[in-house]
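Colleague: I have a new model open and I'd like to learn how to read it. Could you walk me through it, one feature at a time?

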Amino acid sequence: MTLNTKWYLKRAFAASLLCVMLPLSALAQVGEHRDDLSVGASLGYSLSSVGFNPRVSQSQHGGMHGGIAIRYVCEKYYSMVCSLQGEVNYTAMGWKENILDKQDQKVINTVTGKAEEYARNINYIQVPLFAHLAWGRELSGANFFFQVGPQFGYYLGESTTMNFDLQNINLADRSNTTTEQYSMSVENKFDYGIAGGLGVEFSIPQMGHLMVEGRYYYGLGNIYGNSKRDFFGISNFSSIYIKTTYLFDLFTTKNVKRK
């Protein structure tokens with residue numbers, strides 16, 4: 001990733017934060033007022049990787065994802081329902097290496113005789129803040145939604161899964177020989193980036209809202225230092241989440257017509 005690309009992405013992060021804070025209040029001048037508050041919980045699965053430079057060959061690292069959610073619906077602007085949604089989630093992230101030779105075959109360890117495997121498991125508390133925009137039914141039926149905003153994460157801990165001794169790595173057969181990451185713990189505890197998702201919400205009066213969503217997160221921070229003295233120039237997360245969220249209404253706006 002070039003410095004210009006990184007600069008534009010950080011500008012996009014600032015813009016995503018701004019889009020959460022400002023536009024919804026601006027719609028209040030022309031939209032139909034809403035005052036709905038819902039809370040609930042979510043559960044899902046994450047697929048993550050780390051964008052290393054120098055490159056480390058990887059496949060997707062799978063882990064559990066879930067937490068609590070709160071949503072405040074503030075406006076309906078024509079057919080678009082506008083909300084703010086925040087979450088606090090526990091997420092198991094990390095990376096899983098794809099250790100192959102030049103023929104794209106798994107590398108066999110010369111000591112154990114088994115294919116070499118390595119995965120780093122890194123746990124986070126993540127807090128996304130979304131501008132949530134929906135089209136369709138509000139309280140009875142289905143709607144389609146899009147949401148986007150900044151996401152912040154705090155490192156909880158990490159563990160390693162591997163089946164070879166670091167002193168007996170089969171580097172002779174590897175097509176990718178970057179191994180510095182094996183001895184490096186996470187240095188930057190704070191993570192941040194941009195998240196966005198698409199989904200469908202099903203609502204039943206007096207029962208609540210069930211949301212099914214696919215979400216993508218791109219990290220703008222690095223897990224390792226990236227100064228000229230550090231080995232990795234880039235070490236940022238990217239993740240895909242598949243999740244369901246259930247919300248129940250604490251209160252809803254009275255005396256308004258809804259579809």
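This is a predicted model: local features need pLDDT of at least 70, side-chain atom pairs count only at pLDDT 80 or more; totals for chains, interfaces and linings use all residues.

Colleague: Let's begin with the layout. How many helices and strands does the chain have, and in what order do the elements run?

Modeller: You'll find 2 helices and 9 strands. Reading from the N terminus, the order is α-α-β-β-β-β-β-β-β-β-β. Of the contacts with a separation of 6 or more, 75% are between residues 24 or more positions apart.

Colleague: And how much of the chain is buried?

Modeller: Of the 259 residues, 45% are buried. The chain exposes about 13300 Å², and carbon and sulfur atoms supply 61% of that area.

Colleague: On to charges. How many salt bridges does a search of the whole structure find?

Modeller: The search finds 9. One of them joins the side chains of Arg71 and Glu201, at 2.7 Å from N to O. Arg71 is in strand β3 and Glu201 in strand β7, 130 residues apart, so the pair links distant parts of the chain.Colleague: Are those two side chains buried or exposed?

Modeller: Arg71 counts as buried at 5% relative accessibility, and Glu201 counts as buried at 2%.

Colleague: Which residue forms a salt bridge with Arg120?

Modeller: That partner is Glu158, with the closest N and O atoms 2.8 Å apart. Arg120 lies in strand β5 and Glu158 in strand β6, so this pair ties together parts that are 38 residues apart in sequence. To sort residues by burial, use the cut-offs: under 20% relative accessible area is buried, over 50% is exposed, and in between is partly exposed. Arg120 has 2% and is buried, while Glu158, at 25%, counts as partly exposed.

Colleague: What about salt bridges that share partners?

Modeller: First, one more pair: Glu213 and Arg215 form a salt bridge, their closest N and O atoms being 2.9 Å apart. Glu213 is buried at 4%, and Arg215 is buried at 2%. As for shared partners, such salt bridges join Glu32, Arg34, Lys76 and Glu138 into one network. Within that group, a polar contact of 2.9 Å joins the side chains of Glu138 and Arg34. Glu138 sits in the loop between β5 and β6 (141–162) and counts as buried at 7% relative accessibility.

Colleague: Now the surface. Which residues make the nonpolar surface patch?

Modeller: Val200, Phe202, Leu210, Val212, Tyr246, Phe248, Leu250 and Phe251 make a patch of about 680 Å². Elements giving two or more residues to the patch are β7 (190–204), β8 (208–219) and β9 (234–251). The largest share, 4 residues, comes from β9. Phe202, for example, lies in strand β7 and is partly exposed, with a relative accessible area of 43%.

Colleague: Last topic: the backbone. What should I look out for?

Modeller: Most residues other than glycine have a negative phi, and most peptide bonds are trans. Here, a cis peptide bond joins Asn53 and Pro54, with omega about 10 degrees. Pro54 is in the loop between β1 and β2 (58–59).

Colleague: And where do Tyr78 and Gln206 lie?

Modeller: Tyr78 is in the loop between β3 (61–77) and β4, and Gln206 is in the loop between β7 and β8. Each has a positive phi: near 55 degrees for Tyr78 and near 70 degrees for Gln206. Tyr78 counts as exposed at 69% relative accessibility, and Gln206 counts as exposed at 84%.

Definitions and conventions:
Residues are numbered from 1 along each chain as its sequence is written. Side-chain values use heavy atoms; hydrogens and water are left out. Patches are made of residues with over 30% relative accessible area and no salt bridge: like charges are joined within 9 Å, nonpolar side chains (Val, Leu, Ile, Met, Phe, Trp, Tyr) within 5 Å. Accessible areas come from the Shrake-Rupley method with a 1.4 Å probe; for residues, only the protein chains shown count as cover. A salt bridge is a side-chain nitrogen of Lys or Arg within 4 Å of a carboxyl oxygen of Asp or Glu. Buried means under 20% relative accessible area, exposed over 50%, partly exposed in between (1.4 Å probe, protein chains only). Contact means heavy atoms within 4.5 Å. A polar contact is a pair of N or O atoms within 3.5 Å; within protein, one must be able to donate a hydrogen and the other to accept it, and residues adjacent in sequence count only if both atoms are side-chain atoms.
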